[in-house]
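Take a moment with the sequence and the 3D view. The walk below goes from a strand pairing to the chain interface, and then to the DNA.

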2 protein chains.
Amino acid sequence: MKRTSLAGDSCPVARALDVFGDWWSLLIIRDASLGRRRFGEFQASLGLAKNILATRLRTLVERGILKTVPASDGSAYQEYVLTPKGHGIFPILVALRQWTEEFDEHPDEIATIMVDRDKGKPVKKLALLSQDGRVLGAADTTLKLRPARKAARRVSA
Amino acid sequence: MKRTSLAGDSCPVARALDVFGDWWSLLIIRDASLGRRRFGEFQASLGLAKNILATRLRTLVERGILKTVPASDGSAYQEYVLTPKGHGIFPILVALRQWTEEFDEHPDEIATIMVDRDKGKPVKKLALLSQDGRVLGAADTTLKLRPARKAARRVSA
DNA sequence: GCATCGGGTTTAATATTGCAACCACACAAG
DNA sequence: CTTGTGTGGTTGCAATATTAAACCCGATGC
């Protein structure tokens, strides 16, 4: 079955999904961005099998999303923290959150809202802006071929 | 294996992933937002097995992301188009795209850039703003419990 | 009416997930 | 120093999902 890899795809969406598009990775990253760092914390929070957590953490480290730091509090164990590349995923988490807030069938089951830490007020919706500041919807955008210096493998959009 | 469902989770990120967080759904949605509508178009573009495409399309329809429209051009076949709920996923696709643009190891393999349809200029990066217009990073936000009218099932973040 | 195409379903092989049991090490107590 | 316990995994096996390939069937096409 071989879980067809998207790594060589030329579509940036596919490339991102290839890195953390599986069932658990984004949840691990979410937890990490909430400050969880220890194997046990992730396991307790997510309720996933330990072997799966172990492999997910390993591949996220390999891919530069997480890094292990040798200690933190006294004990000589290691912890997992986000790299800059991992922190860069934050907008994606926000986008997912906001989609649920807007479209979920049972919004009453959503436990938390994201607020501005200073003021404690809800954040605004992510908006896509053009260079001159207009708000863009999907229909207002197009894809253009990159000036491209090297060939890319697959040519889907 | 049973692919533990996240449907009852109280975290909005998990709830979103429960709907379209599997290996193919987001790519199908991406294709749909690029205007692909026919089974064969998706299959050719994604190169996935037809049975999987069939089940994915079916569940995406069930979940209100896609709907089938009876025709379009002459033939009496059906097509798949995004619902408003499906169009709402667009910012997530943009976020994924921008993450790859910023952090991918081989940016030269990225084929396309997203531009403003009017001016043809690249769009700006998605920004998270506070009510008073400041740009917020992950560290500038917190989660707050919702005023909550009904209980939610699990209490992870 | 015969072939072909689009749009799937069925089948069998293979890979991944999940659970539970097991293991190794660190640290603490006796 | 020997036992005990918690953390952080690894290993095996059964359950399930993915995949490719073969098959199906109603619409077109000719």
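This is a predicted model: local features need pLDDT of at least 70, side-chain atom pairs count only at pLDDT 80 or more; totals for chains, interfaces and linings use all residues.

**Where two chains meet**

L145(A) stands opposite T112(B), a residue of β3(B). Start there.

Step back to chain A as a whole. Its secondary structure comes to six helices and four strands. Along the sequence the order is α-α-α-α-β-β-α-α-β-β. The C-alpha trace of chain A spans about 50 × 45 × 30 Å along its principal axes.

Now turn to the interface. The size of an interface is often given as the accessible area lost when the parts come together. Between chain B and chain A, the buried area is about 8600 Å². Carbon and sulfur atoms give 62% of that area. Three residues of chain B stand out: R15(B), W23(B) and W99(B) supply 10% of the area that chain B buries against chain A, more than any other three residues.

Next, the polar side of the same interface. Across it the rule finds 40 residue pairs in polar contact, counting pairs with both residues at pLDDT 80 or more.

Charge pairing comes next. Side chains of opposite charge can pair when their charged atoms come close. A search of the whole structure finds 28 salt bridges over all chains. Across the interface of chain B and chain A the rule finds 12. One salt bridge to inspect is that of E105(B) with K85(A), where the closest N and O atoms are 3.2 Å apart. Why does this pair join two chains? E105(B) lies in the loop between α6 and β3 of chain B, and K85(A) lies in helix α5 (residues 84-87) of chain A, so the pair joins the two.

**At the DNA**

Move on to DNA strand D. It is surrounded by 23 residues, the closest being R38(A), K50(A), Y80(A), N51(B) and R56(B). These names come from both chains, A and B. The residues of this surface divide into 11 nonpolar, six polar and six charged.

What part of the strand does the protein approach? Of the atoms of DNA strand D within 4 Å of the protein, 61% belong to sugar or phosphate, and the rest to bases. Individual contacts show both kinds. A polar side-chain atom of Y80(A) lies 2.7 Å from a phosphate oxygen of DNA strand D. Base nitrogens are approached by polar side-chain atoms of Y77(A), at 3.1 Å, and of N51(B), at 2.4 Å. The elements that give two or more residues to this surface are α3 (39-46) and α4 (50-62) of chain A, together with α4 (50-62) of chain B. α4(A) gives the most, with four residues.

Terms used: Residues are numbered from 1 along each chain as its sequence is written. Chains are lettered from A and ligands numbered from 1 in the order in which they are written. Side-chain values use heavy atoms; hydrogens and water are left out. A residue is near a molecule or strand if one of its heavy atoms lies within 4 Å of it. A polar contact is a pair of N or O atoms within 3.5 Å; within protein, one must be able to donate a hydrogen and the other to accept it, and residues adjacent in sequence count only if both atoms are side-chain atoms. Ala, Val, Leu, Ile, Met, Phe, Trp, Tyr, Cys and Pro count as nonpolar, Asp, Glu, Lys and Arg as charged, and the others, Gly among them, as polar. Buried area is the accessible area (1.4 Å probe) that two parts lose on being put together, summed over both. A salt bridge is a side-chain nitrogen of Lys or Arg within 4 Å of a carboxyl oxygen of Asp or Glu. Two strands pair if DSSP finds at least two bridges between them.
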